[in-house]
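Dear colleague,

Please find below the structure I am handing over to you. My findings follow directly after it, and I would be grateful if you would read them alongside the coordinates.

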Amino acid sequence: MNCRKCKGCEISSNVLIDRFASKRIALIGNPNCGKTTLFNLLTKSHQYVGNWPGVTVDRVEGHVKDYNYAIVDLPGLYALSPYSPEEIVSRNYLLSDEYDVIVNIVDASHLERSLSLTLELASFNKPMVIALNMMDVIAKQGISIDVKALENALGVPVVSMSASKKKGEKELLKTIAKARVPEIEKYYDKNVIRIIDSVANKITDEKSLFSRRFIATSLLQSDEVYLEEHESNQAIMDSVKQGIKELEEYTNTDCQAYFADARYSAIGRIVDSCKKKQEKGNSNITKAIDTVVLNRILALPIFFIVVGFVYFGAMYFTSYLELIPHTADGETEYLNITDYVNDVVFGEFATSIVENMLTAVSSPDWFVSLMVDGVVGGVGAVLGFLPQIACLFLFLSFLEQSGYMTRVAFILDRIFRSFGLSGKNFIPLVIATGCGVPALMANATIDNINEKRIGLITTTFIPCSAKLPIMTMIFASVMNNAWWFAPFVYAMSIFSIVCTGIILKKSNAFNESVSPFVMEIPDYHMPSLFSVLKEVYTRCRAFVVKAGTIIFTVVVLVWLLSNTGVENKNIGFVENVDNSFLAMIGGLIAFIFAPIGFASWQSAVAMVNGFLAKENVVSTMAVVLGLSENTLEEDQSLSQALVSFFARINGCDENSYLLPIIGLSFLSFCLWSTPCVAALGAMKRSLGSNRWFLFAIFYMTAWAYGISLVIYQLFGYMYGVVPFNTFTVIAIAVLLLFIVLLIRPSKHKGVSLSIPSKRID
Amino acid sequence: MKTLDKIPVLSNAVVKKVHAKGTSLRRRLLDMGITQGCQVTKVRQAPLGDPIELNVRGYSLIIRNEDAMLIEVEC
């Protein structure tokens, strides 16, 4: 059954594989222990990615063909506490009866810490096998581990491996059949086991029987989730209270600290029995590189250089560097990759093929136009972004998999933390100066879901290159080339990002529980070409499929609306855009823009076309003002026409202060409201749910409208060009609302508590 | 009371107690191996002084200063 290509029955094929598998395996281990590499090694490409219900954690499953094993790859985690979504999802899975064997990957180069999870897993009372990975790394460090001794000490089979070197895989698969249930009596004090069992024995719920010891141990550590679950069971609650009391008397410390300590003491004994040399931390190469890369003075400059490379790869290489020769009408010019894909591959090549095909079968004109301008145009709009996205992720996955991104989070945390973002948000913002689509996709590497969401909402506040023509158009016409214009725009962008972060961070919706900021800095690791390419492929595919459908739909829809209408009393295709349905709709919604100064069907239509691609705003304005659509943004005729247009619809003189104010208002709305449909598609894909997507749209539109309102009404009133009216009052209210949202106390305490000294017990 | 955020860079310390009982952060610190009696080295600070990198139980960990304030140590 080779169903991996069919996304439709993804779920049912998993279930079938699961049901007919000879063994079901739960694969679990710390982050950075080589789990993904091992998973890929075992399952080759038979993998399915889904979602754990209720949380934003990927559920990855696979199938080992030769042995007919089903594997669930649980998220990388350090422990099984009740605090973060990954841990909860994994605990629940481990407590279920949906698997037969636990394969725990242990990083041999960080043995002591890795075994902490192992000992927690032991209390689930399920057969286990340890895959002792990264044996090649410790061999290089001159450390050796007595695997047999480790097996004896732990009481479960241990398979020595090096997943990256593809060694040990067969041995592991064979050993799974010999998995054994660990005996925690080997690790802990008799007295403690007695206390654990006194609680465990009270848990009589059938489903939990085999893992009662885990639940009991958790209850004794005041685990919130289980305490709530068993609240009503008096017998359990009493035994827990009794157990905690006894334990704290016996050990003279609180239970949480006790269990951590007991685990690590047991680990100390185990490690001593099988290893002679003490680990000194990360490998020497890693330490050497970090001395430079994390040096207090060099860290930031080096970071900017790295970001420069990423930008170079994603934007410059694909959108500016003129590489590809193209000959048209006897002239050869050099095009950059993106332009080549858009203008040549789609603009000329695909267009002419489709056109020829259709004319050959005598298709009606309107159909040809639909297929060529609408469909090919739509598909081209999506696929045109692929070069940028592919290049971006080539660099980003390399950085992420090499381990550098953790260092980035370390370097920039202090600045970004105060407005709800993290160091990892910086790179998307830089890329956004080029194009919002790859920038939004770049937010994918952010693990903290709150920071990721805020990042996705704020990334497109930075003006992308498509918005530059709009800026130039306004600058050249109504702004009289004011020197402060460009600084104003960029300052406003950054201001928008920072304020949005601060405002959103205060609300509960953006404080979903995540792991506290306690991160391991992993060894540097040279990513394999295969895994980098695999990620590039996965991201590109996800973009095309998920973002692509929206983009395509909207392009075709707008094409339809702008080419059909009522002309000369006939409903059908129109020549003049003034008569299109789009213009009609524009006229209907124009009043929305009245409070911000540019209520007219022309600007409304420009906005809608800008929705397709921001650079369309300029060409649309040119067309509706009677000029050719190819008029350049700095063209005098466009500037003049724009000035006259704004003056006319507001009934004022062409030299009035009103014009720059309108210009700024118009610009603000174009720049900071929702980005083009391609970026929106990328945003939706990255945000995941419709709920968040709608919120993002609402927020950005409200934000931009608020800025435009304040500019037009308040500055307009201050300069005496806009009379006092209801909207002046509304504008003041909006300003006040903004200030309130910005300075109100946060409803949420924050994951890391700032404990004033008197609370330290 | 000496806490981890106050000790100088590159110095070793032994953990005496982890405060803030009942919080997810404390649980996380304990789970990562910062337990009573364990050796900790403050390796470096980030360019802006925060967060800090620690060497504990054979690996490198980053925590924020406001969280390091909860780890009582003796040098």
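How many salt bridges does the rule find across the interface of domain 1 of chain A and domain 2 of chain A? Please note that this is a predicted model. The rule finds one salt bridge across that interface.

The domains

Chain A is divided into domain 1, covering 3-186, and domain 2, covering 190-273. Their C-alpha centres lie 25 Å apart. At the interface, 27 residues of domain 1 of chain A are in contact with 19 residues of domain 2 of chain A. The two domains bury about 2100 Å² between them, and 65% of this area is on carbon and sulfur atoms. On the side of domain 1 of chain A, the residues that lose the most area to domain 2 of chain A are A:Arg91, A:Leu95 and A:Leu119, which together account for 24% of what that side buries.

A:Arg91 also takes part in a salt bridge: its side chain meets that of A:Asp223, at 2.7 Å from N to O.

The surface patch

A nonpolar patch on the surface is formed by A:Ile305, A:Phe309, A:Phe312, A:Tyr316 and A:Tyr320. Together these residues have about 520 Å² of accessible area. One of them, A:Ile305, is found in helix α14 of chain A, which spans residues 299-320. A:Ile305 counts as exposed because its relative accessible area is 52%, where the cut-off for exposed is over 50%.

With kind regards

Definitions and conventions:
Residues are numbered from 1 along each chain as its sequence is written. Chains are lettered from A and ligands numbered from 1 in the order in which they are written. This is a predicted model: local features need pLDDT of at least 70, side-chain atom pairs count only at pLDDT 80 or more; totals for chains, interfaces and linings use all residues. Side-chain values use heavy atoms; hydrogens and water are left out. Patches are made of residues with over 30% relative accessible area and no salt bridge: like charges are joined within 9 Å, nonpolar side chains (Val, Leu, Ile, Met, Phe, Trp, Tyr) within 5 Å. Accessible areas come from the Shrake-Rupley method with a 1.4 Å probe; for residues, only the protein chains shown count as cover. A salt bridge is a side-chain nitrogen of Lys or Arg within 4 Å of a carboxyl oxygen of Asp or Glu. Helices (H or I, at least four residues) and strands (E, at least two) are DSSP runs, numbered from the N terminus. Buried means under 20% relative accessible area, exposed over 50%, partly exposed in between (1.4 Å probe, protein chains only). Domain bounds come from an automatic or database domain assignment. Contact means heavy atoms within 4.5 Å. Buried area is the accessible area (1.4 Å probe) that two parts lose on being put together, summed over both.
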